[in-house]
Amino acid sequence: MLNIAQTAQEAVAGVHDGATVLIGGFGNAGQPMELIDALLECGAKDLTVVNNNAGQADAGLALLIKERRVKKIICSFPRQSDSWHFDTAYRAGEIELELVPQGNLAERIRAAGAGIGGFFTPTGYGTMLAEGKETREIDGRGYVYETPIHADFALIKALKSDKTGNLVYRKTARNFGPIMAAAAKKSIVQVSEIVETGQLDPEVVVTPGIYVDTVVKIAAPATAAAEQKVSK
Amino acid sequence: MSEKIGRDELAQLVAKDIKPGSFVNLGIGQPTLVSNYLTPEQDITLHTENGMLGMGPVAQGDEIDEDLINAGKIPVTELPGASYFHHADSFAIMRGGHLDVCVLGAFQVSATGDLANWHTGAPDAIPAVGGAMDLATGAKDVYVMMSLFTKDGQSKLVPECTYPVTGVNCVTRIYTNEAVFLITKDGVRVRETFGTTIEELQAKMEVKLLPAE
């Protein structure tokens with residue numbers, strides 16, 4: 001049954017020390033800023049965080065890293081013009097980095113949610129990022145074996161939920177949300193609106209409620225705290 | 001052509017070479033310029049790996065919406081017929097060979113089409129890969145846009161990459177300010193030169209150049 005939390009703090013209260021947490025968003029689009037702020041407040045530490053990036057400027061994930069609450073980050077693109085908190089922690093040897101090509105990151109998360117034990121992908125074959133990994137030639141092409149990324153929690157942002165946890169997203173803010181919701185044991189979702197069950201057209205539901213454990217309404221989610229610079 | 005060509009002219013040339021009706025991903029930097037020269041008649045659909053097909057031009061003024069950005073995190077617009085999908089689907093579009101062309105920048109390309117564009121290999125650099133490796137392996141054709149020579153005159157089209165590679169045997173064509181090169185099973189062919197000759201280029205490059213067929 002769906003838990004409808006009253007506050008972001010209540011929504012993330014169960015996140016424990018040492019947890020693996022998937023955090024949605026690509027840059028600031030789809031980043032669940034209020035849930036991350038609440039995670040900062042709740043004090044959980046030694047986290048393994050999975051996100052495309054490693055935080056921007058002085059908001060959200062960047063602050064979790066600044067406070068040294070993240071012991072390891074799994075991401076595709078940590079280095080940005082405004083990723084100074086990550087840069088400092090990394091150079092000080094105070095955060096572990098697992099760098100994964102973006103499509104492999106997405107597929108590893110998808111695989112976890114879909115019960116796949118791993119997969120062979122051409123992406124990364126013959127590169128530094130495949131060193132030490134199992135490879136196989138299939139029909140004359142080289143592939144690398146990649147494993148699923150399971151997690152204890154997912155923190156994601158969607159546009160709307162109904163009271164069974166069915167979700168719809170908005171534009172490119174969808175990004176990692178649907179696959180992260182499926183991959184985590186507990187999915188915690190911030191939405192701009194919660195509607196009655198039956199008010200979302202079943203044909204347009206993107207994430208079915210079976211993947212969602214907790215929703216919280218954040219009526220006016222924060223916009224980008226800092227102007228985004230060109231980065232990938 | 002008798003003159004060397006600039007970045008915009010090169011982008012125009014790439015745009016002209018993309019077949020009508022293609023699905024295309026343009027990498028960050030110089031490749032982005034190509035979108036300025038795609039014509040409505042070509043009916044090209046642009047893909048952005050953060051989950052969209054049918055991407056329109058960069059958003060201006062009131063059009064700016066922080067939920068609608070491209071892979072460079074720049075606010076963009078949507079065109080009629082656009083669609084959104086999650087990240088795993090977006091990279092399945094790429095990895096699954098559904099894109100016709102991907103245009104990327106490069107530090108180096110090898111004579112057999114290995115691409116190096118993600119990491120200089122400097123020991124103190126913080127590595128970041130993003131979608132570079134996925135883009136290199138996914139599209140049916142991978143075009144590179146780059147200057148042919150480094151500032152100190154070294155060719156960036158090399159027998160073997162000395163920078164860490166992004167993908168192997170993936171580049172099919174290289175557009176440079178001096179010439180357009182095709183990576184073929186016979187070797188590197190020069191399709192056309194700009195203000196230079198194949199002989200002049202060969203004198204400055206280790207890679208064996210073959211004339212256009």
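**A sheet, a buried helix and the contact between chains**

In chain B, 3 strands make up an open sheet with mixed pairing, ordered E7-E6-E9. Its edge strands, each of which pairs on one side only, are strand E7 (115-116) and strand E9 (157-158) of chain B. The model is a predicted one, and the points below are grouped by topic.

**Pairing within the sheet**
- Strand E6 (residues 108-110) of chain B runs parallel to E9(B), to which 2 bridges join it.
- Val109(B) has Leu157(B), in E9(B), as its bridge partner.

**Helix H5 of chain A**
- Helix H5 (residues 102-114) of chain A, with 13 residues, reaches 18 Å from its first C-alpha to its last, which is close to the 18 Å expected at 1.5 Å a residue.
- Because 12 of the 13 residues of H5(A) are buried, the helix is largely enclosed by the rest of the structure; among the buried residues are Leu105(A), Glu107(A), Arg108(A), Ile109(A) and Arg110(A).
- The cover over these buried residues comes from both chains, and includes strand E2 (20-23), strand E6 (119-121), strand E8 (141-146) and helix H6 (177-183) of chain A, as well as helix H2 (87-95) and helix H3 (132-138) of chain B.
- After H5(A) comes Gly115(A), which has a positive phi, near 75°.

**Contact between the chains**
- Chain A has 42 residues in contact with 34 residues of chain B.
- On the side of chain A that touches chain B, helix H4 (84-91), H5 and H6 of chain A each supply at least two residues, and H5(A) gives the most, with 5 residues.
- The residues on that side of chain A comprise 18 nonpolar, 16 polar and 8 charged.

Conventions:
Residues are numbered from 1 along each chain as its sequence is written. Chains are lettered from A and ligands numbered from 1 in the order in which they are written. This is a predicted model: local features need pLDDT of at least 70, side-chain atom pairs count only at pLDDT 80 or more; totals for chains, interfaces and linings use all residues. Two strands pair if DSSP finds at least two bridges between them. Helices (H or I, at least four residues) and strands (E, at least two) are DSSP runs, numbered from the N terminus. The expected span of a helix is 1.5 Å times one less than its number of residues. A residue is buried if 20 or more other C-beta atoms lie within 10 Å of its own, exposed if 12 or fewer, and partly exposed in between; C-beta atoms are placed from the backbone. Two residues are in contact if their C-beta atoms, placed from the backbone, lie within 7 Å. Ala, Val, Leu, Ile, Met, Phe, Trp, Tyr, Cys and Pro count as nonpolar, Asp, Glu, Lys and Arg as charged, and the others, Gly among them, as polar.
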